[in-house]
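Biologist: I would like to learn how to read the features of a protein model, step by step. Could we look at one together?

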Amino acid sequence: VSRPAKRAAKPRSAKAATAAAVPAADTSCLKLGPCCTLRESADLQSSLLAASGNPLVVDGGGVERIDTAGLQLLVALVRRQQQAGRRLEWCAASPELRKCGERLGLIAVLGLAVGGEGDGP
Amino acid sequence: MSPGMDQLDEDFFEESFESIDAMEAALLRLTPGTADAEIINTIFRTAHSIKGGAGMFGFNEIASFTHTVEALLEELRSRRLQVTTPMCDGLLQSVDVMRSMMTEQKNHLPLELSVAQVLQAQFRQMIAGEGQPRSAGAAQPPPAPAGIEAGIWHIGFQAMPGMLARGNDPLRIFDELAGLGQLGVEADCSAMQALDAMDPADCRITWKLTLTTTVPRSAIDLILEWVEGDCEVKIERAGSVIGAPAVSAAPARGVVAAPDVNIRVAIEKIDELLNTVGEIATTNSMLAQLARDFVGVDADRLRSGLAQLQRHVHELQENVMRVRMLPVGSVFSRFPRLVRDLSSRLGKQIRLQLSGEQTELDKAVLERIGDPLVHLVRNSIDHGIEMPADRRAAGKPEQGLVHLNAFHRDGSINIVISDDGQGLDTSKLIDKARSSGLIDTDAVLTDEQAWELIFAPGLSTAERTTDLSGRGVGMDVVRRTIRELGGSVELKSAHGRGTTTTLTLPSVARARRR
C-alpha cells in the first residue's frame, strides 16, 4: 500500500497511515475483489458486514467490474462506519470503481475524491 | 434478503428466452425492402435488453454478439441501411445463435462461437455498407431539426423494485444519457437501508440528473423507454443554454410502471396447491361416506354441509387446474420460422395459417405436444405440399397452405393440422405394407384402414427418407405421445387434395395425470 506523501505533513493522517502500515489493534484492512456486481452481492455484503475496525482501510484497487448494486453496498458500508463514529479510508480505488462511482454521483458520499487517492470521510 | 443468485440466473434465462422468441417473431414480420419502424424498433429494443441482461450477468460473449446485432439494427432503425433478404436471414440466424449460446451458458457448457463469429463478421460488413444498398441520403447524418438549441433537462430517476435483478442497471442508463450531452448526477441515498438490512438487488438510491443536450426530447425518451416499467422517471425541461430563459416546463412525463397484472409462479407451487386440494377432496368424500349412515338430529344438516363443501372443493380444484393452462399459441409460435426455413430450403411456396392460438391447454400437455406437432407440420411441408410446378400442373395455386387450428369440442381440445398437398396415395401405402409383411398379400383395406398404416412403426420409417423428417420421431411416436397424454390421433387424406391430422386432447383433469 503506497502512502500518499501529503499525509506525512498531517499528524492525524500520518498516524492513520502508520496504523495502516503497522496495524494497530482496531485497524483492519478490507480488500475488495475484482467483481463487485449484483452477481457477487451476497458475498460482498457478507464480507462488508464482517469488516470492522477504526479506521477500516478499504482497498478497491483491484475492482474490475462494479455496478449499482455493488456501489450501493459500499455506500452502506461508509454510512455504517460514520454512524458508529468510525473512520473509513480508501488505500486504493481502481479507475473502474471511480468511473462508475462518478457516473452514479456517489464519489463524495463514498469519500473518493476525484483524481487522487481518496481519504476517509 | 436478496433472492438467491440461482433464482436470479433462472429468471434471467427464462426472460431471455422469451425475449429471443419475441425477437424471432418480430423478425419474421420484417419484409425485405420495407422499413416498418415499429417492427424494427421492437427488434432493436429486444436485442438491447438481451444485451443488457447478458452484460449484467457477466455473459460477455452473448453481450458482445448481441452488441453487433444491435449495431446492425441501429443502422436499420436510423434508416442508413435497408432491410434485405440476406440481412433477414442473418438476423434470424443470430436468434438461433443467441438461443444456443444462452442454452450453453445455462447448462455451464463451453460456448460454440464459430457461427457467431461468422455472423458477426457478416454484420460488420453490412454495417460498413459492403454490397448493401444504402438508404437515400445515408451519407449525411440526419439533419438536426432547425432552431434547436441546447436544452437543459431535469430528470428524476427512481428504480422500482426488481430493476437490478432484471438486468437494468441505472449505471448503463446514465452512461447512455451521458452520450447525449453533458450529464450532471446527484444521488440521494437517504432512503437506503442499513448494510445488514439491505437487499442488494433493491436499489434505494434516487437520482436527480441534469442533462444539457442539443438532441430532442424524443432521444432522451428513447433511452428511458428501455427501462419503462422498471423505474419512475420524471423529465422536465428546465431551460435552454442560449436564447430565452426557461421555456415553460413541458408536462412532466411520469413513466408510471404499468400495473402488473401477471405474476410468475413456479409450477411446483401450483402442483402443491393442486395436491392439497386433491387431499381435501378425498377427505371430503370420506366424510360424505361416513355421514351417509349418520343418525341424529343434525344428520341432514351435516350431509347438506358436506355436499356444499364438495361443490366448493370441486370448484377450487378446477380453478387451480385452470392456473396451469396456457394458450396453445406459445407452441404455434415456433412454426412461422420452421415453415419459412423449410419451404425456402425445399424451393416450395407455403403459407402458414394459424388459428385458435388462444385455446388453452395444460402446461404439461403443451410441453409434450411440441415435437409431435413439429413432426406433423414437417410432414406436410416435406411430403404433402408439392413443388410449385407440380401444383400448377395439378391446377392448384403455386402457394400451398398448411393450417394449424386449435379449438374446444365436446369437452376436449382439438388441434388440427391440415394441408392442401398431394395427400396419401393409399394404393402405394398398401403395396408397401404388403411388401414389408405388415398385412397379408391378399388383404383388402378401406381408405381408413390404409391411413392407419401410416402409424405402423416399420412403414412410417420406410416412408421418410429425407433429412427433413428423419428426426427419429415417426407417426408411431406421435400417436404414442398423444395417447400417453390421454388423447388420440386421427388422420384423413384425399389423394391429390391434402391431408388432415386431428389430435384430440383431454380436458385438464385427465391431462395432468401424465
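Modeller: Let us begin with a charge and a ring, where a charge is said to sit over a ring if NZ of Lys or CZ of Arg is within 6 Å of the ring centre and within 35 degrees of the ring normal. Here the charged end of B:R479 sits over the ring of B:F455, at 3.8 Å from its centre. In the same way of reading, B:R77 lies over the face of B:F44, 3.8 Å from the ring centre.

Biologist: What should I know about the model and its numbering before we continue?

Modeller: This is a predicted model, in which local features need pLDDT of at least 70, side-chain atom pairs count only at pLDDT 80 or more, and totals for chains, interfaces and linings use all residues, while side-chain values use heavy atoms, with hydrogens and water left out. Residues are numbered from 1 along each chain as its sequence is written, and chains are lettered from A and ligands numbered from 1 in the order in which they are written.

Biologist: How many aromatic pairs does a search of the whole structure find?

Modeller: A pair of aromatic rings is described by the distance of the centres and the angle of the planes. Rings of Phe, Tyr and Trp (its six-membered ring) pair if their centres lie within 6.5 Å, and planes under 30 degrees apart count as stacked, over 60 as edge-to-face and the rest as tilted. Over all chains, the search finds six such pairs. One of them joins B:F157 and B:F174, whose centres are 5.1 Å apart and whose planes stand at 80 degrees, so this pair is edge-to-face. The pair links distant parts of the chain, with B:F157 in strand β1 (residues 151–159) and B:F174 in helix α6 (residues 170–178) of chain B, 17 residues apart; helices (H or I, at least four residues) and strands (E, at least two) are DSSP runs, numbered from the N terminus.

Biologist: Is B:F174 buried or exposed?

Modeller: A residue is buried under 20% relative accessible area, exposed over 50%, and partly exposed in between (1.4 Å probe, protein chains only). B:F174 has a relative accessible area of 0%, so B:F174 is buried, and B:F157 counts as buried at 1%. B:F174 also pairs with B:W207, where the centres are 5.2 Å apart and the planes at 85 degrees, so this pair too is edge-to-face. B:W207 lies in strand β3 (residues 206–213) of chain B, 33 residues from B:F174, and both residues of this pair are buried. Elsewhere, ring pairs link B:F12, B:F13 and B:F59 into a cluster.

Biologist: Which residues does B:R99 meet, and how many salt bridges are there over all chains?

Modeller: A salt bridge is a side-chain nitrogen of Lys or Arg within 4 Å of a carboxyl oxygen of Asp or Glu, and the search finds 30 of them over all chains. B:R99 meets B:D21 in one of these, at 3.0 Å from N to O. This pair links distant parts of the chain, as B:R99 is in helix α4 (residues 85–106) and B:D21 in helix α1 (residues 5–28) of chain B, 78 residues apart. B:R99 is partly exposed at 22%, and B:D21 is partly exposed at 40%.

Biologist: Which residue forms a salt bridge with B:E70?

Modeller: The partner of B:E70 is B:K51, with the closest N and O atoms 3.0 Å apart. B:E70 lies in helix α3 (residues 60–77) and B:K51 in helix α2 (residues 37–56) of chain B, so the pair ties together parts that are 19 residues apart in sequence. B:E70 is buried at 9%, and B:K51 counts as buried at 18%.

Biologist: What separates B:D221 and B:R217 in helix α7?

Modeller: These two residues form a salt bridge at 3.1 Å between the closest N and O atoms. Because they are four residues apart in helix α7 (residues 217–225) of chain B, B:D221 and B:R217 are separated by about one helical turn. Both B:D221 and B:R217 are buried.

Biologist: Where is A:P55 found?

Modeller: A:P55 is in the loop between α2 (41–50) and β3 (56–60) of chain A, and A:P55 is buried at 9% relative accessible area. Contact means heavy atoms within 4.5 Å, and A:P55 touches residues including A:D26, A:R87 and A:E89, not counting residues up to four places away in sequence.
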